[in-house]
Amino acid sequence: TPVVGVLALQGDVREHLVALAASDAVARPVRRPEELAEIDGLVIPGGESTTISKLAHLFGLMEPLRARVRDGLPVYGTCAGLIMLADKILDPRSGQETIGGIDMIVRRNAFGRQNESFEAAVDVRGVEGEPVEGVFIRAPWVESVGAEVEVLAEYEGHIVAVRQGDALATSFHPELTGDHRIHALFVDMVRARGASGSL
Ligand code: GLN
């Protein structure tokens, strides 16, 4: 059974732990650099990307996170987590840094004030059956992607789910619905990586 961590600095950590446990993974919070060595995959939750960035520095996690992701640790980011996985933010707050790992440029709070939070059915490539119920909360969208990035979903012409290698990201929050298909997809990615002999 793969061990999947949830970066537990800020954000909706508990909901991800529950969704992962329901998807056949051993789920555990990660706060210290040492804990990064003990996981086969990592989820970066939604919350506030500027705060997560600040706390990652404060806890000495930023460089270890970058190193693990560079080495191919499977990662999944939702919303603020998607922003953390972007190689570039279009409109970063001063000092805001990312872990990176996905060759994309993201726009924070992209869906705008009148529509800061909403739900919409989203068709996600690789997820069988009904569309996913996308919960968008002050969500980013992906402005552009590099050649290595696979676009998994768009909403109203904007990219809201992507994958590059073993890095997955969504603008929306599957952990807030009872539907664990995207977490199951991620756990499958973690398992596949393990089967290729790297665990
Ligand atoms: N707007 C937040 C940010 O920029 C993301 C919101 C969320 O994670 N729900 O980090």
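In which sense do strands β5 and β6 pair, and over how many bridges? Strand β5 (residues 86-89) and β6 pair in the parallel sense over 3 bridges. Strands are DSSP runs of E of at least two residues, numbered from the N terminus, and two of them pair if DSSP finds at least two bridges between them. Residues are numbered from 1 along each chain as its sequence is written. The model is predicted: local features need pLDDT of at least 70, side-chain atom pairs count only at pLDDT 80 or more, and totals for chains, interfaces and linings use all residues.

Confidence comes next. pLDDT is the predictor's confidence in each residue, from 0 to 100. Its mean over the protein chain is 95, and 97% of the residues reach 70 or more. The complex receives an ipTM of 0.95 and a pTM of 0.96.

Strand β6 spans residues 102-107. Opposite Ile105 of this strand stands Lys88. β6 also pairs with strand β9 (residues 141-145), in the antiparallel sense and over 4 bridges. There, Val142 in β9 is the bridge partner of Val106.

The ligand is surrounded by residues that include Gly46, Glu48, Ser49, Cys79, Arg108 and Arg138. A residue counts as near a molecule if its C-beta atom, placed from the backbone, lies within 6 Å of it. The shell has 4 nonpolar, 4 polar and 3 charged residues. Nonpolar means Ala, Val, Leu, Ile, Met, Phe, Trp, Tyr, Cys and Pro; charged means Asp, Glu, Lys and Arg; the others, Gly among them, are polar.

Key:
Buried ≥ 20, exposed ≤ 12 C-beta atoms within 10 Å, placed from the backbone.
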